[in-house]
Amino acid sequence: MVDLQTQYEFIKNKVDASVLKVFQKGTFINGPSVSQFQSNLESYLNVKHVIPCANGTDALQIALMSLDLKPGDEIITSDFTFAACVEVIALLKLNPVLVDVDLETFNIDCNKVIKAITPNTKAIIPVHLFGQVANMEEIMNLAKANNLFVIEDNAQGMGSVFEFSNNNKIKSGTIGDLGTTSFFPSKNLGCYGDGGAIFTNNDDLAYIIRGIVNHGMYKRYHHDVVGVNSRLDSIQAVVLNAKLPLLDFYNERRKEAALLYTSRLESNECLITPNVKGDSQSHVFHQYTLRIINGMRDALAKYLSDLKIPFGIYYPIPLHRQKAYLDKRYDEKDFKISNLMSEQVISLPMHSELDEDQIDFICEKINEFFKDQEN
Ligand SMILES: *Cc1c(COP(=O)(O)O)cnc(C)c1O
(Lines give C-alpha, C1' and ligand atoms only; values in the text may rest on other atoms or scores of the structure.)
Protein backbone atom coordinates (compact mmCIF):
# COMPACT_ATOMS: atom_id res chain seq x y z
CA MET A 1 0.00 0.00 0.00
CA VAL A 2 2.95 2.31 0.60
CA ASP A 3 6.61 2.37 -0.47
CA LEU A 4 8.56 3.91 2.38
CA GLN A 5 11.91 2.45 1.24
CA THR A 6 11.93 4.34 -2.07
CA GLN A 7 10.80 7.51 -0.31
CA TYR A 8 13.66 7.12 2.18
CA GLU A 9 16.28 6.83 -0.58
CA PHE A 10 15.56 10.43 -1.58
CA ILE A 11 16.03 11.90 1.89
CA LYS A 12 18.64 9.43 3.14
CA ASN A 13 21.58 11.83 3.22
CA LYS A 14 19.76 14.43 5.22
CA VAL A 15 18.11 11.99 7.62
CA ASP A 16 21.15 9.80 8.25
CA ALA A 17 23.44 12.71 9.12
CA SER A 18 20.93 14.32 11.48
CA VAL A 19 19.98 11.07 13.20
CA LEU A 20 23.66 10.37 13.79
CA LYS A 21 24.01 13.80 15.36
CA VAL A 22 21.24 12.93 17.85
CA PHE A 23 23.12 9.72 18.74
CA GLN A 24 26.41 11.56 19.14
CA LYS A 25 24.98 14.37 21.26
CA GLY A 26 22.64 12.14 23.27
CA THR A 27 19.75 14.59 22.87
CA PHE A 28 17.14 11.85 22.52
CA ILE A 29 14.32 13.60 24.37
CA ASN A 30 13.34 17.24 23.77
CA GLY A 31 16.38 17.83 21.59
CA PRO A 32 16.69 20.87 19.32
CA SER A 33 15.07 18.96 16.41
CA VAL A 34 11.79 18.84 18.33
CA SER A 35 11.49 22.59 18.88
CA GLN A 36 12.68 23.12 15.31
CA PHE A 37 9.93 20.84 14.02
CA GLN A 38 7.34 22.55 16.19
CA SER A 39 8.14 25.90 14.67
CA ASN A 40 8.48 24.48 11.13
CA LEU A 41 5.02 22.97 11.41
CA GLU A 42 3.55 26.16 12.89
CA SER A 43 4.80 28.02 9.81
CA TYR A 44 3.57 25.37 7.39
CA LEU A 45 0.09 25.24 8.91
CA ASN A 46 -0.03 28.94 9.66
CA VAL A 47 -1.17 28.17 13.19
CA LYS A 48 -0.05 29.79 16.47
CA HIS A 49 0.70 26.64 18.44
CA VAL A 50 1.86 23.13 17.60
CA ILE A 51 2.30 20.82 20.59
CA PRO A 52 4.10 17.60 19.59
CA CYS A 53 3.14 14.37 21.35
CA ALA A 54 3.68 10.61 21.14
CA ASN A 55 1.02 9.54 18.61
CA GLY A 56 -2.25 10.57 17.00
CA THR A 57 -4.44 8.76 19.53
CA ASP A 58 -2.72 10.57 22.41
CA ALA A 59 -3.23 13.83 20.52
CA LEU A 60 -7.00 13.23 20.48
CA GLN A 61 -7.06 12.20 24.14
CA ILE A 62 -5.01 15.21 25.24
CA ALA A 63 -7.16 17.56 23.14
CA LEU A 64 -10.27 16.28 24.95
CA MET A 65 -8.52 16.45 28.34
CA SER A 66 -7.83 20.15 27.81
CA LEU A 67 -11.51 21.07 27.50
CA ASP A 68 -12.56 20.68 31.15
CA LEU A 69 -15.35 18.21 30.33
CA LYS A 70 -17.39 16.18 32.83
CA PRO A 71 -18.11 12.44 32.74
CA GLY A 72 -21.19 11.87 30.60
CA ASP A 73 -20.68 14.94 28.41
CA GLU A 74 -21.55 13.98 24.85
CA ILE A 75 -18.99 14.10 22.06
CA ILE A 76 -20.19 13.69 18.49
CA THR A 77 -17.95 11.89 16.03
CA SER A 78 -18.08 9.80 12.87
CA ASP A 79 -19.28 6.20 12.81
CA PHE A 80 -17.09 5.40 9.83
CA THR A 81 -13.43 5.97 10.73
CA PHE A 82 -10.53 4.49 12.67
CA ALA A 83 -11.47 3.70 16.29
CA ALA A 84 -9.12 6.23 17.92
CA CYS A 85 -11.76 8.97 18.41
CA VAL A 86 -14.44 6.83 20.01
CA GLU A 87 -11.76 5.05 22.03
CA VAL A 88 -10.41 8.15 23.76
CA ILE A 89 -13.92 9.53 24.32
CA ALA A 90 -14.85 6.30 26.11
CA LEU A 91 -11.53 6.16 28.02
CA LEU A 92 -12.21 9.60 29.46
CA LYS A 93 -15.71 8.48 30.58
CA LEU A 94 -17.27 10.87 28.13
CA ASN A 95 -20.24 9.75 26.08
CA PRO A 96 -19.53 9.01 22.41
CA VAL A 97 -22.35 9.87 20.00
CA LEU A 98 -21.64 8.21 16.66
CA VAL A 99 -23.13 9.83 13.58
CA ASP A 100 -23.56 8.49 10.06
CA VAL A 101 -21.49 9.74 7.11
CA ASP A 102 -22.12 11.37 3.76
CA LEU A 103 -22.34 8.99 0.79
CA GLU A 104 -20.07 11.04 -1.46
CA THR A 105 -17.24 12.08 0.86
CA PHE A 106 -17.30 9.43 3.64
CA ASN A 107 -17.15 12.38 6.07
CA ILE A 108 -19.57 13.07 8.93
CA ASP A 109 -23.02 14.10 7.67
CA CYS A 110 -23.77 17.59 9.01
CA ASN A 111 -27.54 17.13 8.70
CA LYS A 112 -27.29 14.14 10.98
CA VAL A 113 -25.00 16.03 13.37
CA ILE A 114 -27.80 18.58 13.86
CA LYS A 115 -30.17 15.82 14.96
CA ALA A 116 -27.59 14.36 17.35
CA ILE A 117 -27.03 17.58 19.31
CA THR A 118 -28.56 17.62 22.82
CA PRO A 119 -28.07 19.94 25.83
CA ASN A 120 -25.28 17.56 26.94
CA THR A 121 -23.30 17.85 23.72
CA LYS A 122 -19.95 19.54 24.31
CA ALA A 123 -17.82 18.87 21.25
CA ILE A 124 -17.71 17.56 17.68
CA ILE A 125 -14.77 15.64 16.28
CA PRO A 126 -14.89 15.65 12.48
CA VAL A 127 -12.36 13.34 10.80
CA HIS A 128 -10.92 14.39 7.44
CA LEU A 129 -11.29 10.83 6.19
CA PHE A 130 -9.02 9.45 3.48
CA GLY A 131 -7.52 12.94 3.11
CA GLN A 132 -10.65 14.87 2.17
CA VAL A 133 -11.42 17.83 4.41
CA ALA A 134 -14.88 17.66 6.03
CA ASN A 135 -17.39 20.47 5.49
CA MET A 136 -15.81 22.78 8.07
CA GLU A 137 -18.05 25.72 7.24
CA GLU A 138 -21.19 23.85 8.28
CA ILE A 139 -19.46 22.24 11.24
CA MET A 140 -18.13 25.58 12.55
CA ASN A 141 -21.56 27.18 12.10
CA LEU A 142 -23.23 24.35 14.00
CA ALA A 143 -20.59 24.56 16.73
CA LYS A 144 -21.03 28.29 17.09
CA ALA A 145 -24.83 28.08 17.24
CA ASN A 146 -24.70 25.35 19.87
CA ASN A 147 -21.63 26.46 21.82
CA LEU A 148 -19.59 23.35 21.03
CA PHE A 149 -15.87 22.77 20.78
CA VAL A 150 -14.51 21.42 17.49
CA ILE A 151 -11.52 19.06 17.41
CA GLU A 152 -10.42 18.14 13.89
CA ASP A 153 -8.88 14.68 13.56
CA ASN A 154 -6.44 15.52 10.79
CA ALA A 155 -4.42 12.27 10.92
CA GLN A 156 -5.33 11.54 7.29
CA GLY A 157 -5.66 15.11 6.02
CA MET A 158 -2.29 16.80 6.52
CA GLY A 159 -1.86 19.50 3.87
CA SER A 160 -5.49 19.69 2.74
CA VAL A 161 -7.19 23.07 2.59
CA PHE A 162 -10.83 24.03 3.16
CA GLU A 163 -12.26 26.88 1.11
CA PHE A 164 -15.03 28.84 2.84
CA SER A 165 -17.85 30.43 0.86
CA ASN A 166 -16.14 33.83 1.28
CA ASN A 167 -13.13 32.27 -0.56
CA ASN A 168 -11.07 32.19 2.62
CA LYS A 169 -8.77 29.15 2.46
CA ILE A 170 -7.57 27.56 5.68
CA LYS A 171 -5.45 24.45 6.24
CA SER A 172 -7.27 21.48 7.74
CA GLY A 173 -6.53 20.98 11.42
CA THR A 174 -6.35 24.72 12.12
CA ILE A 175 -10.01 25.64 11.64
CA GLY A 176 -11.54 24.16 14.81
CA ASP A 177 -10.59 25.02 18.40
CA LEU A 178 -8.08 22.18 18.23
CA GLY A 179 -6.63 19.93 15.54
CA THR A 180 -4.75 16.69 15.94
CA THR A 181 -2.60 14.53 13.74
CA SER A 182 -0.58 11.32 13.65
CA PHE A 183 2.89 10.88 12.18
CA PHE A 184 2.48 7.09 11.86
CA PRO A 185 4.87 6.05 9.03
CA SER A 186 2.15 5.53 6.39
CA LYS A 187 0.38 8.88 6.94
CA ASN A 188 0.91 11.65 4.38
CA LEU A 189 3.45 13.17 6.77
CA GLY A 190 4.91 10.18 8.59
CA CYS A 191 7.98 9.60 10.74
CA TYR A 192 9.92 6.36 11.33
CA GLY A 193 8.04 5.24 14.41
CA ASP A 194 5.21 6.83 16.37
CA GLY A 195 4.49 10.53 16.64
CA GLY A 196 1.64 13.01 16.81
CA ALA A 197 0.76 16.64 17.40
CA ILE A 198 -2.00 18.98 18.52
CA PHE A 199 -2.61 22.36 16.86
CA THR A 200 -4.44 25.42 18.12
CA ASN A 201 -4.71 29.17 17.69
CA ASN A 202 -6.04 29.44 21.25
CA ASP A 203 -3.28 30.58 23.69
CA ASP A 204 -5.12 29.33 26.77
CA LEU A 205 -5.70 25.83 25.37
CA ALA A 206 -2.07 25.68 24.18
CA TYR A 207 -0.86 26.53 27.70
CA ILE A 208 -3.12 23.89 29.28
CA ILE A 209 -2.01 21.26 26.75
CA ARG A 210 1.71 21.93 27.22
CA GLY A 211 1.20 21.00 30.87
CA ILE A 212 -1.00 17.97 30.19
CA VAL A 213 1.57 16.34 27.88
CA ASN A 214 4.15 16.73 30.64
CA HIS A 215 2.46 15.02 33.62
CA GLY A 216 0.27 18.03 34.37
CA MET A 217 3.31 20.14 35.33
CA TYR A 218 3.47 23.87 34.69
CA LYS A 219 6.37 24.18 37.11
CA ARG A 220 8.82 21.34 37.61
CA TYR A 221 7.43 18.78 40.12
CA HIS A 222 4.27 20.81 40.70
CA HIS A 223 1.43 18.70 39.29
CA ASP A 224 -1.54 21.03 38.89
CA VAL A 225 -3.73 18.77 36.77
CA VAL A 226 -3.80 15.08 35.94
CA GLY A 227 -1.62 14.74 32.87
CA VAL A 228 0.08 12.12 30.76
CA ASN A 229 3.57 11.52 29.43
CA SER A 230 3.40 12.07 25.70
CA ARG A 231 6.42 13.24 23.74
CA LEU A 232 7.70 13.25 20.19
CA ASP A 233 11.27 11.98 20.36
CA SER A 234 14.19 13.80 18.77
CA ILE A 235 14.88 11.13 16.14
CA GLN A 236 11.31 11.27 14.87
CA ALA A 237 11.52 15.07 14.77
CA VAL A 238 14.66 14.78 12.61
CA VAL A 239 12.75 12.65 10.11
CA LEU A 240 9.80 15.04 10.14
CA ASN A 241 12.07 18.05 9.59
CA ALA A 242 13.41 16.33 6.48
CA LYS A 243 9.94 15.38 5.19
CA LEU A 244 7.85 18.46 6.01
CA PRO A 245 9.36 20.58 3.19
CA LEU A 246 8.34 17.76 0.83
CA LEU A 247 4.76 17.34 2.10
CA ASP A 248 3.15 19.45 -0.63
CA PHE A 249 5.18 17.59 -3.25
CA TYR A 250 4.17 14.23 -1.75
CA ASN A 251 0.52 15.30 -1.77
CA GLU A 252 0.78 16.45 -5.39
CA ARG A 253 2.14 13.05 -6.34
CA ARG A 254 -0.78 11.39 -4.55
CA LYS A 255 -3.25 13.61 -6.40
CA GLU A 256 -1.62 12.75 -9.75
CA ALA A 257 -1.88 9.06 -8.91
CA ALA A 258 -5.55 9.54 -7.95
CA LEU A 259 -6.29 11.28 -11.26
CA LEU A 260 -4.66 8.40 -13.17
CA TYR A 261 -6.63 5.79 -11.23
CA THR A 262 -9.87 7.68 -11.82
CA SER A 263 -9.22 8.15 -15.54
CA ARG A 264 -8.77 4.39 -15.93
CA LEU A 265 -11.61 3.26 -13.69
CA GLU A 266 -14.39 5.84 -13.95
CA SER A 267 -16.08 4.20 -16.96
CA ASN A 268 -16.42 0.95 -15.03
CA GLU A 269 -20.08 0.74 -14.01
CA CYS A 270 -19.49 -1.71 -11.18
CA LEU A 271 -17.67 0.88 -9.10
CA ILE A 272 -17.65 4.52 -8.06
CA THR A 273 -14.38 6.47 -7.99
CA PRO A 274 -13.67 9.02 -5.21
CA ASN A 275 -15.65 12.23 -5.32
CA VAL A 276 -13.62 15.39 -4.71
CA LYS A 277 -15.78 18.16 -3.24
CA GLY A 278 -14.22 21.58 -3.60
CA ASP A 279 -11.00 22.37 -5.43
CA SER A 280 -7.97 20.11 -5.77
CA GLN A 281 -6.51 21.28 -2.45
CA SER A 282 -9.44 19.86 -0.51
CA HIS A 283 -8.30 16.22 -0.91
CA VAL A 284 -4.77 14.92 -0.27
CA PHE A 285 -5.63 11.26 -0.95
CA HIS A 286 -4.36 9.57 2.15
CA GLN A 287 -6.34 6.69 0.64
CA TYR A 288 -7.75 6.13 -2.82
CA THR A 289 -11.02 4.44 -1.97
CA LEU A 290 -13.47 2.91 -4.43
CA ARG A 291 -17.05 1.87 -3.77
CA ILE A 292 -17.85 -1.48 -5.38
CA ILE A 293 -21.58 -1.24 -6.09
CA ASN A 294 -22.37 -4.63 -7.63
CA GLY A 295 -21.91 -6.60 -4.42
CA MET A 296 -18.56 -8.04 -5.52
CA ARG A 297 -16.23 -6.18 -3.10
CA ASP A 298 -15.11 -9.28 -1.22
CA ALA A 299 -14.64 -11.25 -4.46
CA LEU A 300 -12.52 -8.40 -5.84
CA ALA A 301 -10.47 -8.40 -2.63
CA LYS A 302 -9.79 -12.13 -3.02
CA TYR A 303 -8.86 -11.65 -6.68
CA LEU A 304 -6.42 -8.84 -5.81
CA SER A 305 -4.78 -10.85 -3.06
CA ASP A 306 -4.37 -13.82 -5.45
CA LEU A 307 -2.58 -11.43 -7.83
CA LYS A 308 -0.53 -10.05 -4.93
CA ILE A 309 -1.90 -6.55 -5.55
CA PRO A 310 -2.08 -4.77 -2.20
CA PHE A 311 -5.42 -3.32 -1.07
CA GLY A 312 -7.05 -2.26 2.19
CA ILE A 313 -10.61 -2.37 3.52
CA TYR A 314 -11.03 0.81 5.55
CA TYR A 315 -13.19 0.16 7.44
CA PRO A 316 -14.85 -3.28 7.48
CA ILE A 317 -17.04 -2.72 10.57
CA PRO A 318 -18.65 0.62 11.48
CA LEU A 319 -17.86 1.74 15.01
CA HIS A 320 -21.45 1.43 16.33
CA ARG A 321 -21.23 -2.32 15.63
CA GLN A 322 -17.86 -2.84 17.33
CA LYS A 323 -18.16 -4.95 20.46
CA ALA A 324 -16.42 -2.40 22.71
CA TYR A 325 -18.78 0.40 21.65
CA LEU A 326 -22.15 -1.35 21.36
CA ASP A 327 -24.89 0.76 22.88
CA LYS A 328 -28.67 0.32 23.09
CA ARG A 329 -29.09 3.94 21.96
CA TYR A 330 -27.92 3.10 18.47
CA ASP A 331 -30.55 2.25 15.87
CA GLU A 332 -29.41 0.53 12.66
CA LYS A 333 -31.62 2.73 10.52
CA ASP A 334 -29.54 5.74 11.59
CA PHE A 335 -26.40 4.19 10.09
CA LYS A 336 -27.50 3.32 6.57
CA ILE A 337 -24.50 4.88 4.86
CA SER A 338 -21.74 3.68 7.19
CA ASN A 339 -23.21 0.15 7.05
CA LEU A 340 -23.27 0.32 3.26
CA MET A 341 -19.75 1.77 3.04
CA SER A 342 -18.32 -1.01 5.19
CA GLU A 343 -19.64 -3.46 2.57
CA GLN A 344 -18.59 -1.47 -0.52
CA VAL A 345 -15.24 0.21 0.12
CA ILE A 346 -11.84 -0.96 -1.02
CA SER A 347 -8.67 1.16 -1.05
CA LEU A 348 -5.92 0.76 -3.64
CA PRO A 349 -2.18 1.34 -3.19
CA MET A 350 -1.61 5.08 -2.70
CA HIS A 351 1.69 6.81 -2.03
CA SER A 352 4.06 9.37 -3.48
CA GLU A 353 6.17 6.78 -5.31
CA LEU A 354 3.44 5.11 -7.40
CA ASP A 355 4.16 5.26 -11.12
CA GLU A 356 1.90 5.12 -14.13
CA ASP A 357 2.87 1.54 -15.06
CA GLN A 358 1.86 0.28 -11.62
CA ILE A 359 -1.44 2.14 -11.81
CA ASP A 360 -2.10 0.86 -15.34
CA PHE A 361 -1.45 -2.70 -14.22
CA ILE A 362 -3.74 -2.44 -11.17
CA CYS A 363 -6.57 -0.81 -13.16
CA GLU A 364 -6.27 -3.28 -16.04
CA LYS A 365 -6.62 -6.18 -13.63
CA ILE A 366 -9.60 -4.59 -11.86
CA ASN A 367 -11.38 -3.88 -15.15
CA GLU A 368 -10.66 -7.45 -16.32
CA PHE A 369 -12.13 -8.81 -13.09
CA PHE A 370 -15.45 -7.08 -13.70
CA LYS A 371 -15.52 -8.02 -17.37
CA ASP A 372 -15.04 -11.68 -16.41
CA GLN A 373 -17.98 -11.38 -14.01
CA GLU A 374 -20.26 -10.27 -16.85
CA ASN A 375 -19.30 -13.26 -19.02
C1 LIG B 1 -3.91 6.94 12.23
C2 LIG B 1 -5.12 7.58 12.78
C3 LIG B 1 -5.25 7.88 14.14
C4 LIG B 1 -4.30 7.38 15.21
O5 LIG B 1 -2.99 7.71 15.07
P6 LIG B 1 -1.87 6.88 15.86
O7 LIG B 1 -0.66 7.71 15.67
O8 LIG B 1 -1.77 5.54 15.23
O9 LIG B 1 -2.28 6.80 17.29
C10 LIG B 1 -6.37 8.58 14.56
N11 LIG B 1 -7.33 8.94 13.69
C12 LIG B 1 -7.25 8.64 12.37
C13 LIG B 1 -8.34 9.08 11.46
C14 LIG B 1 -6.15 7.95 11.88
O15 LIG B 1 -6.10 7.64 10.57
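In this report Ala, Val, Leu, Ile, Met, Phe, Trp, Tyr, Cys and Pro count as nonpolar, Asp, Glu, Lys and Arg as charged, and the others, Gly among them, as polar. The structure is a predicted model, in which local features need pLDDT of at least 70 and side-chain atom pairs count only at pLDDT 80 or more, while totals for chains, interfaces and linings use all residues. Residues are numbered from 1 along each chain as its sequence is written, and side-chain values use heavy atoms, with hydrogens and water left out.

**Ligand site**

The shell around the ligand divides into 4 nonpolar, 6 polar and 2 charged residues. A residue is near a molecule if one of its heavy atoms lies within 4 Å of it. Surrounding the ligand are Asn55, Gly56, Thr57, Thr81, Phe82, Ala84, Val127, Asp153, Ala155, Gln156, Ser182 and Lys187.

The table lists polar contacts, each a pair of N or O atoms within 3.5 Å.

| Side chain (N or O atom) | Distance to a ligand oxygen atom |
|---|---|
| Asn55 | 3.4 Å |
| Ser182 | 2.6 Å |
| Lys187 | 2.7 Å |

On its own the ligand has 380 Å² of accessible area (Shrake-Rupley method, 1.4 Å probe), and the protein covers 91% of this area. The space taken by the ligand is the largest pocket. A pocket is an open set of points, on a 1 Å grid over the protein atoms alone, where a 1.4 Å probe fits, with protein on both sides within 12 Å along at least five of seven lines. A molecule sits in a pocket if more than half of its atoms lie within 2 Å of the pocket's grid points.

**A sheet of strands**

Strands (E, at least two residues) and helices (H or I, at least four) are DSSP runs numbered from the N terminus, and two strands pair if DSSP finds at least two bridges between them. Strand β13 (residues 288–292) pairs with β14 in the antiparallel sense over 4 bridges. Arg291 has Val345 in β14 as its bridge partner.

**Two backbone features in loops**

Tyr314 and Tyr315 are joined by a cis peptide bond, with omega of about 10°. Tyr315 belongs to the loop between α10 (297–306) and α11 (336–344). Asp68, although not a glycine, has a positive phi of about 60°. Asp68 is placed in the loop between α3 (56–65) and β2 (74–78).

How values were computed: Polar contact = N/O pair within 3.5 Å; in protein donor to acceptor, adjacent residues only side chain to side chain. 1 Å grid on protein atoms, 1.4 Å probe; cavity = no way out; pocket = protein on both sides within 12 Å on 5 of 7 lines; lining within 4 Å.
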